[in-house]
Amino acid sequence: EHGVRVYGFHGTSHAYVARTAAEQLGKAPHACNLITAHLGNGASISAIQDGRSVDTSMGFTPLPGLIMGTRSGDVDPALIFYLSARLEMPLAEIDALLNKRSGLVGICGDNDLRDIEARVAAGDEEAKLALDMYAYRIRKYIGAYAAALGRVDALVFTAGVGENSSLVRREACCGLDLLGIALDEEKNQAAVRGRSGPIHSAKSRVAVLVIPTNEELEIARQVVDLLAPAG
C-alpha cells in the first residue's frame, strides 16, 4: 500500500556483469546461476538464478546488506529504538549515523579501501579490523546465496573495489573451498585497472570473474530493447 518493498540498487551494474559473465562462460543468460558482487563506496551483492535476480543485499533503501564506505549495512533493527530511547538521539541523527558515519569510516575513520589497505600494510589494527569485517560480510552473503541458488556457475566481482582490490577479493574468497571457490593468486593480482577475466584456480568448481561494470551501456541496451517493435 505504501510502496515499502525490497527495491535493491545497482541493478544496471548487476545486469551488465551478469550478461557479460554468461558470454564469458559460453552460456545463455537464462542458463546461468551467478553471484555478482558490486563493491565500491556503496556495495551490494545479488543472487541470479537462470538469468534473473532472485535476491539482493540492498533493500527498501541502499542501507542494508554489506558493510560500505559510510553505511552500516545490516544491523539489528532494535538498535534504532535503543539509540532513540536510551541515548535520546533524534531520528534524523540516527539516519545520518547509519548512512554517513558508519561502515568502514565508523570502524577505522577511513572509507577509501586504498587508504585502508595502506594502513593494513603498515600494521594498523583498526584498519585491519575494518578490512576483516568488510570481507566477512561479503563471505557471509556469498555463502547464503550459494545455499539459495543450489548451483553457482560463477562469482563475479565488479565496481571500483571489486575490480581493483586483489586483497579484498582474496579475503572475500578465503575459506570458501567447501563451496568450490578457489582463487589463482597470480591471476587475482593481475586483475586490476579495468582488466577483465577469470581469477579462479584450475581446481575451482566455480568460475570467479572480474568484470568491469558499464552501467551506461546496460541502460542504453535496455532502452533499445524497450523501444524495439514487438515481434
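A pocket here is an open set of grid points where a 1.4 Å probe fits, with protein on both sides within 12 Å along at least five of seven lines. The model is predicted.

**Exercise 1.** Describe the lining of the largest pocket.

*Solution.*
Step 1. Take the volume: about 220 Å³.
Step 2. List the lining: Gly40, Asn41, Asn111, Asp112, Leu113, Arg114, Glu117, Gly160, Val161, Asn164 and Ser165.
Step 3. Assign elements. Helix H5 (113–121) and helix H7 (159–164) each give two or more residues to this lining.
Step 4. Sort by class. The lining of the largest pocket holds 2 nonpolar, 6 polar and 3 charged residues.

**Exercise 2.** Find which element gives the most to the lining of the second largest pocket.

*Solution.*
Step 1. The second largest pocket holds about 190 Å³ of space.
Step 2. Its lining has 13 residues; nearest the centre lie Gly11, His14, Ala15, Ser46 and Ser53.
Step 3. Helix H1 (11–25), strand E2 (43–49) and strand E3 (52–56) each supply at least two lining residues.
Step 4. H1 gives the most, with 4 residues.
Step 5. By class, the lining of the second largest pocket has 5 nonpolar, 7 polar and 1 charged residues.

**Exercise 3.** Identify the residues that touch the most other members of the largest nonpolar core.

*Solution.*
Step 1. Among the 40 residues of this core, they are Ile35, Leu39 and Tyr134.
Step 2. Several elements give two or more residues to this core, including strand E1 (34–39), helix H6 (125–149) and strand E4 (154–158).
Step 3. H6 gives the most, with 10 residues.
Step 4. Inspect Ile35. Beyond four places in sequence, Ile35 touches residues including Ile45, Ile142, Tyr145, Leu149 and Val156.
Step 5. Another core, of 13 residues, lies apart; among them are Ala21, Ala22, Cys32 and Ile48.

Terms used:
Residues are numbered from 1 along each chain as its sequence is written. This is a predicted model: local features need pLDDT of at least 70, side-chain atom pairs count only at pLDDT 80 or more; totals for chains, interfaces and linings use all residues. Side-chain values use heavy atoms; hydrogens and water are left out. On a 1 Å grid over the protein atoms alone, a cavity is a set of points where a 1.4 Å probe fits but cannot get out, and a pocket is an open set with protein on both sides within 12 Å along at least five of seven lines; lining residues have an atom within 4 Å of a point. Grid points are joined across faces, edges and corners, and a volume is the space filled by probe spheres set on the points. Ala, Val, Leu, Ile, Met, Phe, Trp, Tyr, Cys and Pro count as nonpolar, Asp, Glu, Lys and Arg as charged, and the others, Gly among them, as polar. A nonpolar core is a set of buried Ala, Val, Leu, Ile, Met, Phe, Trp, Tyr and Cys residues joined through side-chain atoms within 4.5 Å. Buried means under 20% relative accessible area, exposed over 50%, partly exposed in between (1.4 Å probe, protein chains only). Contact means heavy atoms within 4.5 Å.
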